[in-house]
Amino acid sequence: MSQPYQANPLSENFPLPRELRKLGRKELKITWQDGHLSVYGFRYLRTQCQCAFCVEEITGRKLLVDSCLPEVLEGMGVSVVGQYALRIDFSDGHNSGIYAYKHLRKACPCELCRPAK
Amino acid sequence: MIEVKTEQVLDALRKVQDPDLQRDIVSLGFVHDVRICEGNVAFEIKLTTPACPVKEKLEMEARELVLKIPGVEQVSIKMTAEVRSHQTLEKENLKKVRNIVAVGSGKGGVGKSTVTANLAVSLAMDGAKVGLLDADIYGPSIPTLMGMQGETTVRENLIQPKFAHGIKFMSMGFFAQGDQPLIWRGPMAHRAVEQSLVDVDWGELDYLLIDLPPGTGDVHLTLVQTVGLTGGVMVSTPQDVGLMISMKTLRMFEQTNVRILGLIENMSYHLCSHCNGREEIFGHGGAKLASERLGIPFLGEIPLETAIREKSDLGAPIVISLPNSPVAKTYRDIARKMAAQVSIAGYSGSKLEVIEEPV
């Protein structure tokens with residue numbers, strides 16, 4: 001019964017993962033229901049954090065300065081949040097970001113997705 | 001004497017379709033324990049909810065089809081139910097809670113709590129194990145509706161839910177004394193909701209219904225982040241400004257990937273207690289139209305009736321205090337339709353977990 005989870009008729013284009021794999025502390029691999037594959041380095045994911053410390057809530061302006069992050073940044077743990085997002089524990093102690101699947105898909109660093117930006 | 005084979009019985013039963021899951025009852029794994037002794041055939045049909053809206057229909061079809069097999073003289077069917085778990089919830093105390101359903105509304109005053117309480121009791125009357133969490137921090141009304149106020153007790157570090165009319169329940173109202181309001185900022189509301197999910201001795205439940213506060217806010221956010229909901233049900237009145245307000249709550253469910261199990265229209269019409277004339281005070285059918293437009297199941301409409309309010313104020317939901325009234329039947333019917341949608345969600349939902357791969 002690996003039918004894609006058609007959760008909600010309102011959300012036709014909601015990108016949802018089919019499989020989530022954490023490769024050691026280096027990378028997160030998401031296979032999406034449409035077959036697309038995304039591989040994220042944890043340091044890159046840390047720069048994508050949408051929490052209120054990293055992104056100004058009202059304006060959406062990014063507060064986090066990527067170059068201030070430690071050179072080596074690993075993913076200690078990844079957990080599923082409800083039915084729509086992930087939470088990541090980073091080696092710098094940060095874990096307040098909620099990574100919605102929608103955002104993760106938009107932030108896919110692969111070559112197919114990149115030029116679309 | 002013609003010998004009847006198990007395979008023949010199963011073949012016959014393959015013709016019985018579950019209308020909601022759109023598959024036959026054999027491939028769905030509902031048929032158990034087929035026993036044949038000469039012309040007598042006995043088996044069990046295990047449904048996914050005791051509140052199945054088509055229980056009688058399935059039983060009748062199964063009986064007729066098996067009776068047609070040459071050599072069969074008598075058929076005895078045992079109808080049982082086993083509610084399947086929607087997902088494994090990581091939280092220890094919720095492990096035995098199979099399905100969590102949130103009941104929301106776009107705005108206050110649509111009778112959401114009354115509807116939720118009656119649905120919960122309806123499911124219990126059909127034999128399900130039911131819990132009800134009143135997460136409405138602004139106007140917790142479940143204690144009044146269930147006829148039980150007062151504080152909760154704690155045993156072995158777990159809050160003991162109260163028990164009335166066949167269901168376990170817990171309310172944000174238990175955190176406050178009498179007419180004291182719960183003036184909470186987000187983090188407090190978050191903690192309280194989390195605690196009433198995780199630190200309550202819910203035990204084994206088929207359904208845990210959550211009465212949400214109106215609209216979209218901290219409580220909703222906590223809920224969708226703390227547990228994997230089986231789905232959400234929306235209650236609205238016919239006008240609700242063309243359901244514009246309800247749409248916001250529906251969108252919230254969408255954005256957090258919560259399945260919408262259906263829409264209920266409350267205060268749909270009023271039957272005059274003097275002349276029995278029907279008056280459509282807030283208009284009628286708005287929710288049905290909206291559900292058709294949005295492709296969401298429509299679960300039913302509940303009239304505006306003095307008896308519902310009276311029984312609610314007395315602390316005895318109408319489904320149990322006036323079980324033969326037309327409105328009680330309406331509630332029971334809606335509860336069964338909702339249970340059917342929960343079963344469908346259980347079949348189509350896949351749960352995600354993070355696979356750790358050492359490198």
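Q: Before we start, when does a residue count as buried?
A: A residue is buried if 20 or more other C-beta atoms lie within 10 Å of its own. Keep in mind that this is a predicted model.

Q: OK. How many residues of H3(B) are buried?
A: 14 of the 14 residues in H3(B) are buried, so by that cut-off the helix is mostly covered.

Q: Where does H3(B) sit in the chain, and what should its span be?
A: Helix H3 of chain B takes in residues 112–125, and at 1.5 Å a residue its 14 residues should span 20 Å. The C-alpha atoms at its ends are 20 Å apart, which agrees with that figure.

Q: What comes just after H3(B)?
A: B:Gly127 does, and this glycine has a positive phi of about 105°.

Q: Which residues touch the most other members of the largest nonpolar core?
A: That core has 109 residues, and B:Leu123 is among those that touch the most other members. The others named with B:Leu123 are B:Val101, B:Ala120, B:Val130, B:Leu209 and B:Ile210.

Q: Which helix gives the most to this core?
A: Helix H11 of chain B, residues 326–348, gives the most, with 9 residues.

Q: And where does the core lie relative to domain 1 and domain 2 of chain B?
A: The core lies between them, because domain 1 (6–81) and domain 2 (92–348) both give residues to it.

Q: Switching to chain A. How many helices and strands are there?
A: Chain A has 2 helices and 6 strands. Along the sequence they follow the pattern β-β-β-α-β-β-β-α.

Q: What share of chain A is buried?
A: 24% of the 117 residues of chain A count as buried.

Q: How do E1 and E2 of chain A pair, parallel or antiparallel?
A: Strand E1 (residues 17–23) and strand E2 (residues 27–32) of chain A pair in the antiparallel sense, over 6 bridges.

Q: Which strand of chain B is joined to E1(A)?
A: Strand E18 of chain B, residues 354–357, runs parallel to E1(A), and 4 bridges join the two. A:Arg21 has B:Ile355 as its bridge partner in E18(B).

Technical notes
Residues are numbered from 1 along each chain as its sequence is written. Chains are lettered from A and ligands numbered from 1 in the order in which they are written. This is a predicted model: local features need pLDDT of at least 70, side-chain atom pairs count only at pLDDT 80 or more; totals for chains, interfaces and linings use all residues. The expected span of a helix is 1.5 Å times one less than its number of residues. A residue is buried if 20 or more other C-beta atoms lie within 10 Å of its own, exposed if 12 or fewer, and partly exposed in between; C-beta atoms are placed from the backbone. A nonpolar core is a set of buried Ala, Val, Leu, Ile, Met, Phe, Trp, Tyr and Cys residues joined through C-beta atoms within 7 Å. Domain bounds come from an automatic or database domain assignment. Two strands pair if DSSP finds at least two bridges between them.
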